Amino acid sequence: MISTSGSRPYHVIIFGASGFTGQFVVEEVARTSAEGPKGTLKWAVAGRSRQKLEKVLEQAAETLSKPELKSEVDIIVADVGEPDSLAAMCKQGVIVLNCVGPYRFYGENVVKACVENGAHYIDICGEPQFLEGMQLNYHSQAAEKGVYVVGSCGFDSIPADMGVLYSRDQFKGIVLCFSFQSFPGSCIHDGTWQSAIYGFADSEKLRSLRKKLGYAPLPVVGSKIKKRGTLFYSREMDQYAAPFMGADPSVVKRTQRYLYEERKDSPVQYGAYAGIGGMTSVIKLLFGAMLFWLMVNFSFGRSLLIKFPEFFSFGWFSKAGPTRKQMAESSFCLTFFGEGYTGDQDPAQGKPNAKIRTQVKGPEAGYVATPIAMVQAAFTILHEPKSLPKTGGVYTPGAAFAKTTLIDRLNKHGIQFSVLSGPEA
């Protein structure tokens, strides 16, 4: 168990607590503080504006009927543009939960401050360019300092990354799998929309970054996973589907690379897809995708996309974000379809001989499930330091938490991992 000290008084500091996502992370920490070391959690909120942070604590106190939050939770004023303030913040916390995005613009200074000042770092980033850039630039330094930097600890990409590991472990053999995602009733704040816009615009920079990382191809064990088309009808889900364009495939592949290189585990091949629905939804998606692709390549087009997220995303994203009522009525579901080799079956000699179907499901993805995942990741670091990788560094959730009880923790908090069928021949 990791404890606080006189010079580092807080187990957790929520940076960006007054942002749209940050306010829900504050509520989740307040809701689960009894799960901290020795039954209590010492925590603080941080950001640019003391007044806004006070307002967030007042709102959380009212929502949760915990008036003590207004007086018992400390406030730290820190700004991503002021390195000294970030250093002062990081020196006071065991873990910094960074909720300030888009991370490509505001994340690196926080990572740098955490690594230099000995605070572990967790974010909820879904931007592969940022995540892999931090691995390139800070992994060695974090390892030397014993600091764990764990990105994508929200809906991006704990359900997918831990879901693949869960499927593999339940299969008890060599597995290759793909997942389908669905999000009934979702509406998302436009901060995520902006990250997507800049991510597509900078796709060439991501390719250049991966060349610098020097990834060698992972070995393919057994049959090669079948790649689906850009748009196809999924018999498994009984609806149209398309490749999932988020961070999940990138994060899962980095996890599999780490487990192969460090533990000699057979890499799981993985493909991620999103359910679209019927033909009407397909037509809307095709029209929206073509428009998005045309506009994202020009600065004027990007400006329009950012200014009118609700119009260009057909209501999926909005500047106001979802209401609490919308969040209560929303959910997510990832279904994993795996096949592989069990028993004496030789992967080199034939087709897979068994199948498994698993599921990860939970409440609204962006502002209910994401805070749950982020906070449980923090508790896992606090309670299970000996189950983390032997050295600090920049890790994916699966690499950091493969040997921990994170999945059990998530199950207790409404993000459910289950086997639907199999493993069976």
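In which loop is S152 found? In this predicted model, S152 lies in the loop between β6 and α8, and its phi is near 50 degrees, a positive value in a residue other than glycine. The model is a prediction in which local features need pLDDT of at least 70 and side-chain atom pairs count only at pLDDT 80 or more, whereas totals for chains, interfaces and linings use all residues. Residues are numbered from 1 along each chain as its sequence is written, and side-chain values use heavy atoms, with hydrogens and water left out. Helices (H or I, at least four residues) and strands (E, at least two) are DSSP runs numbered from the N terminus.

An open sheet of seven strands shows parallel pairing in the order β3-β2-β1-β4-β5-β6-β15; strands are taken to pair if DSSP finds at least two bridges between them. Y121 stands opposite V149 in β6.

Helix α2 (residues 50-64) lies across β2 (43-47) and β3, running at about 150 degrees to β3. Helix α16 (residues 365-383) lies across β1 (10-15), β4 (93-98), β5 and β6, and runs at about 160 degrees to β4. In these descriptions, contact means heavy atoms within 4.5 Å.

According to an unreviewed UniProt entry, the annotation "domain: Saccharopine dehydrogenase NADP binding" covers residues 12-150. UniProt positions follow the numbering used here, feature names are shortened, and annotations may be inferred rather than shown by experiment. The end C-alpha atoms of residues 12-150 lie 14 Å apart, and the span is 52% helix and 19% strand.

The axes of helix α4 (residues 83-90) and α6 come within 9 Å and cross at roughly 50 degrees. The crossing of α4 with α6 is right-handed; a crossing is left-handed if the near helix is turned anticlockwise from the far one by less than a right angle, and right-handed if clockwise. L86, A87 and C90 in α4 meet N109, V110, A113, C114 and N117 in α6. By class, this contact has six nonpolar, two polar and no charged residues, where Ala, Val, Leu, Ile, Met, Phe, Trp, Tyr, Cys and Pro count as nonpolar, Asp, Glu, Lys and Arg as charged, and the others, Gly among them, as polar.

Helix α6 (residues 108-117) also packs with helix α7 (residues 128-145), the axes coming within 10 Å and crossing at roughly 10 degrees. α6 and α7 are therefore roughly parallel to each other. Residues E108, V111, K112, V115 and E116 of α6 meet F130, M134, N137, Y138, Q141, A142 and K145 of α7, a contact with six nonpolar, two polar and four charged residues.

For helix α8 (residues 158-171) and helix α11 (residues 248-263), the axes come within 9 Å and cross at roughly 50 degrees, in a right-handed crossing. The contact joins A160, D161, V164, L165 and R168 in α8 to D248, V251, V252, T255, Q256, L259 and R263 in α11; its residues divide into six nonpolar, two polar and four charged.

A further set of strands shows antiparallel pairing. Strand β9 (residues 232-234) is joined by three bridges to strand β10 (residues 239-243), to which it runs antiparallel, with S234 opposite Q239. The two strands form a hairpin with four residues between them, and D238 in the turn has a positive phi of about 55 degrees. Four bridges connect β10 to the antiparallel strand β11 (residues 270-277), where Y273 is the bridge partner of P243.

Cis peptide bonds occur from G101 to P102, with omega near -5 degrees, and between G422 and P423, with omega about 0 degrees. P102 is placed in the loop between β4 and α5 (103-106), whereas P423 is found in strand β16 (residues 416-424).

Technical notes. Axes fitted to C-alpha atoms, helices over the stretch in contact; angles between N-to-C directions. Parallel < 35°, antiparallel > 145°, perpendicular 65-115°, else oblique.
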